[in-house]
Amino acid sequence: MGDVVRVQARAITALHQIESEDTVVATLEFRNGAIGTLEAATSAYPGYPRRVELSGSEGTIIVENDRIVSADLREPVDLGPREAGSANASASSPVISDVRGHRQILEDFRQAIETNGTPLCNGYEGRRSVELVQAIL
């Protein structure tokens, strides 16, 4: 979607006795004029898998736990098999126990070190993500 130019957010500790937020809601405005919403919570019962929904004028794609579970596009494209994502224990607990979503990026980083190459997510890109999270908080 490009760079985020404006953030409106609210982060609270609603349920768990922890020194961090367990509920976050944000509205993001992108440089190209698109808007997005972000919701993250370990305070909602019963908790659901990690989910990303991308909707626009050309269609909608829904991803759960890194798997496409739905794709409705104006111009159909073969996106491979669609399957339901598995349950994510982190969805209902403040303890992050499922790190599978980070495996590929860590493997890429290890390979870049071993081959003296460039990782997919370099320091600049990583910093942009941290800056966005800081703006949300």
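The following dialogue goes through the features of a predicted model one at a time.

User: What kind of model is this, and how are its residues numbered?

Analyst: The model is predicted, so local features need pLDDT of at least 70 and side-chain atom pairs count only at pLDDT 80 or more, while totals for chains, interfaces and linings use all residues. Residues are numbered from 1 along each chain as its sequence is written, and side-chain values use heavy atoms, with hydrogens and water left out.

User: How many helices and strands does the protein chain have?

Analyst: Helices (H or I, at least four residues) and strands (E, at least two) are DSSP runs, numbered from the N terminus. The protein chain has 2 helices and 6 strands, in the order β-β-β-β-β-β-α-α along the sequence.

User: Which atoms meet at the start of helix 2?

Analyst: A side-chain oxygen of asparagine 122 comes to within 3.1 Å of the backbone nitrogen of tyrosine 124.

User: Is histidine 16 buried or exposed?

Analyst: Buried means under 20% relative accessible area, exposed over 50%, and partly exposed in between (1.4 Å probe, protein chains only). Histidine 16 has 16% relative accessibility and therefore counts as buried. Histidine 16 sits in the loop between strand 1 (4-12) and strand 2 (23-30), and its side chain reaches the backbone oxygen of threonine 42 at 3.4 Å. For the protein chain as a whole, buried residues make up 17% of the 137 residues.

User: Where is glutamate 64, and which side chain does it contact?

Analyst: Glutamate 64 lies in strand 5. Because its relative accessibility is 15%, glutamate 64 counts as buried. Its side chain makes a polar contact with the side chain of arginine 51 at 2.5 Å.

User: With which residues is valine 52 in contact, leaving aside neighbours within four places in sequence?

Analyst: Contact means heavy atoms within 4.5 Å. With those neighbours left aside, valine 52 is in contact with Ile61, Ile62 and Val63. Valine 52 belongs to strand 4 (residues 51-56), and its C-alpha atom is 5.1 Å from that of valine 63, 11 residues apart along the chain. At a relative accessible area of 46%, valine 52 is partly exposed.

User: How many salt bridges does the whole structure have?

Analyst: A salt bridge is a side-chain nitrogen of Lys or Arg within 4 Å of a carboxyl oxygen of Asp or Glu. A search of the whole structure finds 11 salt bridges.

User: Which residues form a network of salt bridges?

Analyst: Asp3, Arg31, Glu125 and Arg128 are linked in such a network. Arginine 31 pairs with aspartate 3, with the closest N and O atoms 3.7 Å apart. Arginine 31 is in the loop between strand 2 and strand 3 (35-41) and aspartate 3 is in the segment before strand 1, 28 residues apart. Aspartate 3 also meets arginine 128 in a salt bridge at 2.2 Å, N to O. Arginine 128 lies in helix 2, so this pair ties together parts that are 125 residues apart in sequence. By accessibility, arginine 31 is exposed at 60%, aspartate 3 is partly exposed at 30%, and arginine 128 is partly exposed at 28%.

User: Which residues form a nonpolar patch on the surface?

Analyst: Patches are made of residues with over 30% relative accessible area and no salt bridge; like charges are joined within 9 Å, and nonpolar side chains (Val, Leu, Ile, Met, Phe, Trp, Tyr) within 5 Å. Accessible areas come from the Shrake-Rupley method with a 1.4 Å probe, and for residues only the protein chains shown count as cover. Ile105, Leu106 and Leu120 form a nonpolar patch with about 310 Å² of accessible area together. Isoleucine 105 lies in helix 1 (residues 100-115) and is partly exposed, with a relative accessible area of 36%.

Notes:
A polar contact is a pair of N or O atoms within 3.5 Å; within protein, one must be able to donate a hydrogen and the other to accept it, and residues adjacent in sequence count only if both atoms are side-chain atoms.
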